[in-house]
Amino acid sequence: MKQFIPNVLALVMLLGAFGHVFFPEVYHAAIPSMIPTAFANVASTIVELAIAIGLWLPKYRSRAGLAFMILMIFFLPIHIWDLVREDPML
């Protein structure tokens, strides 16, 4: 059970990274117009992939967990912005 949550979070991050690569248009609506969509997709892919790998490696798990938390805090304003838009993505 101790490794269940990090493994689930790693899988979620891995799926998100693959989503940014194979279905980038899905994320375009959630990216504010001031941020280039190609940059946002590439950056998100790299960060999510790094976090996923870190969560699977016991040596880096705590740092990857912290990075996951920071990423979620960073994404929170974007999701709030999306929520109050006239045509939200989510």
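Modeller: A pocket is an open set of points on a 1 Å grid over the protein atoms alone, where a 1.4 Å probe fits and protein lies on both sides within 12 Å along at least five of seven lines. This is a predicted model, where local features need pLDDT of at least 70, side-chain atom pairs need 80 or more, and totals for chains, interfaces and linings use all residues. Residues are numbered from 1 along each chain, and side-chain values use heavy atoms, without hydrogens and water.

Biologist: What makes up the volume of the largest pocket, and how much is it?

Modeller: Probe spheres set on the points, joined across faces, edges and corners, fill the space. For the largest pocket that's about 510 Å³.

Biologist: Which residues line the largest pocket?

Modeller: There are 23, and His-20, Ser-44, Glu-48, Phe-75 and Ile-78 lie nearest its centre. Lining residues have an atom within 4 Å of a point. Helices α1 (4–22), α3 (37–56) and α4 (61–84) each give two or more residues to that lining.

Biologist: How many helices and strands are there in the chain?

Modeller: Four helices and zero strands, in the order α-α-α-α from the N terminus. Helices are DSSP runs of H or I with at least four residues, while strands need at least two of E.

Biologist: What share of the chain counts as buried?

Modeller: Buried means under 20% relative accessible area with a 1.4 Å probe, counting protein chains only. Of the 90 residues, 30% count as buried.

Biologist: What share of the contacts with a separation of 6 or more comes from residues 24 or more positions apart?

Modeller: That's 61% in this chain, with a contact meaning heavy atoms within 4.5 Å.

Note on methods: Buried < 20%, exposed > 50% of the residue type's maximum accessible area, 1.4 Å probe, protein only.
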